[in-house]
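Trainee: I have a structure open and would like to walk through it. Can we take it piece by piece?

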Amino acid sequence: MIDAIRAAGAVAILRMTDHRDGVAVGTALYEAGLRAMEVTFDHPDAPGTLRGLRAALPGDALLGAGTIRTPRQVEQAAACGTRYCVSPHTDAALIRAVLDAGLEPLPGAGTATEVATALDAGARLVKLFPAGPLGVPYMRALLGPFRGTAFVPTGGVGHEDVGTWLEAGAAAVGLGSDLVPAVPDDLSRIAARAARVAAQIAAVRRGTPS
C-alpha cells in the first residue's frame with residue numbers, strides 16, 4: 001500500500017453532506033487521473049458510497065475509509081471493500097484493529113510524540129494533520145528524526161500546492177474541500193482541479209515540477 005499511495009501521489013477526500021453524487025464524483029476524479037480516494041465515515045451514507053465506488057471503478061482504484069475512530073467503523077469499512085483506514089488522530093489500539101482487519105492504517109499525527117506512537121503501533125503511513133497550518137517546513141523538520149517516514153500531509157492543503165509538498169518529501173497529499181466541496185459543485189470543475197493535481201504529480205515524478 002505504501003508503494004501504491006506513493007504512486008497515486010494524492011488522496012482525494014470525499015467529505016460530503018450529500019452522497020447522491022458520490023459515485024459520479026469518484027468517477028470524475030478517477031478519469032481525471034486520481035486513483036486514491038477516501039470516503040469519510042462521519043456521514044451515514046458513506047458505506048453505501050464506498051460500495052458504489054468499488055463496483056463502479058476499475059480494480060486499481062485505491063479506496064479508503066476516513067474519519068475512522070472506532071473498531072466498529074473498521075469492521076464496516078472492511079465490509080465495504082476498503083483497503084485503508086484514515087483517522088484524524090493517533091490511537092495505538094485502533095491502529096492494531098485496522099491491521100488485524102488486514103487493512104492499512106493511516107493515523108493522523110501532529111507532533112513528534114504522535115508520529116512515534118503511530119509508527120511503534122505498526123503504522124507505515126502517517127497523516128500529518130492539520131498540514132496546512134503546520135506548513136511544509138514543519139514536515140521537513142519531522143523528516144529529520146523520522147527519516148523515511150511516509151507522510152501524507154492533509155488538512156488545509158490546496159490543490160495547487162501538491163507539487164510543493166511532494167518535492168519536500170511527502171509520500172502523497174490528502175486533498176479535501178479545496179478539491180471536492182462538501183456540496184459537490186459542477187463535475188467539470190472537480191475534474192479540472194483533479195487534472196491539475198495529476199499534472200503536478202506527473203511533473204514531480206519527471207523531475208520537472210510545474
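This is a predicted model: local features need pLDDT of at least 70, side-chain atom pairs count only at pLDDT 80 or more; totals for chains, interfaces and linings use all residues.

Trainee: Start with H10. How many residues does it have, and how far does it reach?

Mentor: Helix H10 covers residues 187–206, which is 20 residues. From its first C-alpha to its last it reaches 28 Å, close to the 28 Å expected at 1.5 Å a residue.

Trainee: Which residues of H10 are buried?

Mentor: They are Ile190, Arg193, Ala194, Val197, Ala198, Gln200, Ile201, Ala203 and Val204.

Trainee: And what covers them?

Mentor: The cover includes helices H1 (2–8), H2 (22–31) and H9 (162–167), along with strands S1 (10–14) and S9 (173–175).

Trainee: What comes after H10?

Mentor: Gly207 follows H10, and its phi is positive, near 85°. H2 is likewise followed by a glycine, Gly33, with a positive phi near 115°.

Trainee: Stay with H2, then. What do its buried residues pack against?

Mentor: They pack against S1, strand S2 (36–40), helix H3 (46–56) and H10. The buried residues themselves are Gly22, Val25, Gly26, Ala28, Leu29 and Tyr30.

Trainee: Where does Gly22 sit, and what does it touch?

Mentor: Gly22 lies in H2. Not counting residues up to four places away in sequence, Gly22 touches Leu14, Met16, Thr49 and Leu53. Gly22 counts as buried because its relative accessibility is 0%.

Trainee: How far is Gly22 from Pro105?

Mentor: Their C-alpha atoms are separated by 23 Å, and the two residues are 83 apart along the chain.

Trainee: On to the core. Which residues touch the most other members of the largest nonpolar core?

Mentor: Leu14, Leu29, Leu34 and Trp165 do, out of 58 residues in that core. H10 gives the most to this core, with 6 residues. Apart from it lies another core, of 14 residues, including Ala36, Leu62, Leu106 and Ala171.

Trainee: Different topic. How many disulfides are there?

Mentor: A search of the whole structure finds 0. Cys80 is in no disulfide, and the nearest cysteine sulfur to it is that of Cys85, 9.9 Å away.

Trainee: What about the rings? How many aromatic pairs does the structure hold?

Mentor: It holds 0. Two charges do sit over rings: Arg35 lies over the face of Tyr30, 3.9 Å from the ring centre, and the charged end of Lys127 sits over the ring of Phe129, 4.7 Å from its centre.

Trainee: Last one, His159. Where is it, and what is it in contact with?

Mentor: His159 is in the loop between strand S8 (150–151) and H9. Beyond its neighbours within four places in sequence, His159 is in contact with Leu175, Asp178, Arg193, Arg196, Val197 and Gln200. His159 is buried, with a relative accessible area of 13%.

Conventions:
Residues are numbered from 1 along each chain as its sequence is written. Side-chain values use heavy atoms; hydrogens and water are left out. Helices (H or I, at least four residues) and strands (E, at least two) are DSSP runs, numbered from the N terminus. The expected span of a helix is 1.5 Å times one less than its number of residues. Buried means under 20% relative accessible area, exposed over 50%, partly exposed in between (1.4 Å probe, protein chains only). Contact means heavy atoms within 4.5 Å. A nonpolar core is a set of buried Ala, Val, Leu, Ile, Met, Phe, Trp, Tyr and Cys residues joined through side-chain atoms within 4.5 Å. A disulfide is a pair of cysteine sulfur atoms within 2.5 Å. Rings of Phe, Tyr and Trp (its six-membered ring) pair if their centres lie within 6.5 Å; planes under 30 degrees apart count as stacked, over 60 as edge-to-face and the rest as tilted. A charge sits over a ring if NZ of Lys or CZ of Arg is within 6 Å of the ring centre and within 35 degrees of the ring normal.
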